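This briefing sets out selected features of a protein model for computational work. Please read the points below alongside the sequence and the coordinates.

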Amino acid sequence: MIETSARLLKLLTLLQSPRDWTGAELAEKLQVSARTVRSDVERLRSLGYPVDATRGSVGGYRLGAGAALPPLLLDDDEAVAVTIGLRKAAGVAGVEEISLRALSKLEQVLPSRLRRRVNTLAGYTVQVPADEVGPQVDPELLTQLTGLCRDREQLRFDYLAHDGSESLRRVEPHRLVNWGRRWYLVAFDLERGDWRTFRVDRVRPRIPTGPRFAPRELPEDGDVAAYVSRRVSAAAWRYRASVEVAVPAPMLVEQLTPAVGVVEPIDEERCLLRTGADSVQNLALHLGLLDADFVVLDGPPELTAYVARLAERYRRATSS
């Protein structure tokens with residue numbers, strides 16, 4: 001019985017890899033006959049593991065998806081990665097409670113050697129806390145939206161804008177992005193004919209969903225994270241400026257994160273930076289960190305005055 005149980009666990013581990021196994025391959029790995037392999041597969045099925053089988057010369061066995069989630073076998077590295085991921089997810093608005101429940105179950109059965117690795121990682125890494133608590137998002141809504149992204153189905157929803165106004169939107173959903181403490185839906189707005197970013201906590205879906213759609217060319221050359229980062233940051237800017245910078249555009253792009261602004265080439269030696277910040281002081285600080293000559297072409301008068309004061313302050317600081 002002990003040999004049989006150990007063999008079943010090894011068989012389950014093999015089947016969890018993303019590939020098909022022939023009966024001969026499994027028999028060789030387990031050092032048993034093909035008949036024993038078939039018998040062990042039936043035992044796993046009786047325990048609730050959905051083992052799919054295909055016939056023919058290229059047929060084989062694979063662990064499929066069933067009606068209920070059976071126990072999973074994780075190796076050491078997988079268990080550590082899942083635990084760390086759950087600890088981080090416990091700080092994501094909308095899924096904190098669910099993540100904590102799953103984390104408590106996993107840590108209860110985690111071997112001491114792995115618990116030590118997890119605690120070491122947690123003790124010697126630092127996560128920058130968010131400045132604010134994110135809005136609550138229903139996990140079922142996240143699941144619904146990701147399903148629509150996967151199945152490429154249109155979505156109609158009521159959307160509450162920042163100014164309190166409501167509108168009915170019809171979109172082709174593409175991706176969900178977690179940025180900071182909020183969830184955002186990146187979708188193509190069919191009424192406006194362009195890509196848009198929506199805060200998920202302000203989305204109220206209407207049922208049923210719409211027809212399927214063909215995939216479109218994505219914004220930002222497919223870099224959805226950069227697109228959301230730029231749009232969300234720009235929406236929060238109180239002060240905006242257009243600045244000519246005396247460096248080639250590719251060089252400046254390498255220095256900046258997407259949240260800083262948009263870079264456009266002027267010629268081989270200069271580029272245009274469209275940027276902003278929540279205060280004139282922070283905006284001037286960003287420009288000072290460019291480490292290149294710049295000219296403010298368009299911006300608030302307060303920025304020009306503040307940059308002039310900084311220039312005079314720096315001149316006095318170095319005049320002696």
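Angles between axes under 35 degrees count as roughly parallel, over 145 as roughly antiparallel, 65 to 115 as roughly perpendicular, and the rest as oblique. The model is predicted: local features require pLDDT of at least 70, side-chain atom pairs count only at pLDDT 80 or more, and totals for chains, interfaces and linings use all residues. Residues are numbered from 1 along each chain as its sequence is written, and side-chain values use heavy atoms, with hydrogens and water left out.

**Overall composition**

- The protein contains eleven helices and eleven strands, where helices (H or I, at least four residues) and strands (E, at least two) are DSSP runs numbered from the N terminus.
- Of the 320 residues in the protein, 36% are buried; buried means under 20% relative accessible area, exposed over 50%, and partly exposed in between (1.4 Å probe, protein chains only).
- Among contacts (heavy atoms within 4.5 Å) between residues at least 6 apart in sequence, 56% join residues at least 24 apart.

**Packing of α4 with α6**

- Two packed helices are described by the angle between their axes and the distance between the axes.
- Helix α4 (residues 76–89) packs against helix α6 (residues 112–123) at an angle of about 45°, and their axes are 10 Å apart; axes are lines fitted to C-alpha atoms, for helices over the stretch in contact, and angles run from 0 to 180 degrees between N-to-C directions.
- The helices α4 and α6 are therefore oblique to each other.
- The crossing of α4 past α6 is right-handed, a crossing being right-handed if the near helix is turned clockwise from the far one by less than a right angle, and left-handed if anticlockwise.
- On the α4 side the contact involves Asp-76, Asp-77, Ala-79, Val-80, Thr-83, Ile-84 and Arg-87, which meet Arg-113, Leu-114, Arg-117, Val-118, Asn-119, Leu-121 and Ala-122 of α6.
- The residues of this contact comprise seven nonpolar, two polar and five charged; Ala, Val, Leu, Ile, Met, Phe, Trp, Tyr, Cys and Pro count as nonpolar, Asp, Glu, Lys and Arg as charged, and the others, Gly among them, as polar.

**Packing of α10 with α11**

- Helix α10 (residues 280–288) and helix α11 (residues 301–318) pack at about 60°, with a distance of 10 Å between their axes.
- These two helices, α10 and α11, are therefore oblique to each other, and α10 passes α11 in a right-handed crossing.
- From α10, Val-280, Gln-281, Leu-283, Ala-284 and Leu-287 make the contact, together with Glu-302, Leu-303, Tyr-306, Val-307 and Leu-310 from α11.
- In the contact of α10 with α11, eight residues are nonpolar, one is polar and one is charged.

**Helix α7 and its surroundings**

- Helix α7 (residues 139–151) has 13 residues and spans 18 Å from its first C-alpha to its last, close to the 18 Å expected at 1.5 Å a residue; the expected span is 1.5 Å times one less than the number of residues.
- Leu-141, Leu-142, Leu-145, Gly-147, Leu-148 and Cys-149 are the buried residues of α7, and their cover includes β3 (155–160), β4 (166–179), β5 (182–189) and β7 (203–206).
- Leu-141, in helix α7, is buried at 11% relative accessibility.
- Leaving aside residues up to four places away in sequence, Leu-141 touches Val-200, Val-203 and Pro-205.
- Leu-141 and Pro-205 are 64 residues apart along the chain, with their C-alpha atoms separated by 8.5 Å.

**Backbone geometry in loops**

- Most residues other than glycine have a negative phi, and most peptide bonds are trans.
- Arg-152, which follows α7, has a positive phi near 55°; it is found in the loop between α7 and β3 and is partly exposed at 40% relative accessibility.
- Gln-31 is another non-glycine residue with a positive phi, near 60°; it is located in the loop between α2 (23–30) and α3 (34–46) and is exposed, with a relative accessible area of 74%.
- Ile-207 and Pro-208 are joined by a cis peptide bond with omega of about 5°, and Pro-208 lies in the loop between β7 and α8 (224–236).

**Further individual residues**

- Thr-197, in strand β6 (residues 194–199), is buried at 18% relative accessibility.
- Not counting residues up to four places away in sequence, Thr-197 touches Tyr-184, Leu-185, Tyr-227 and Arg-231.
- Arg-38 belongs to helix α3 and is partly exposed at 46% relative accessibility.
- Arg-38 and Gly-23 are 15 residues apart in sequence and 7.7 Å apart in space, C-alpha to C-alpha.
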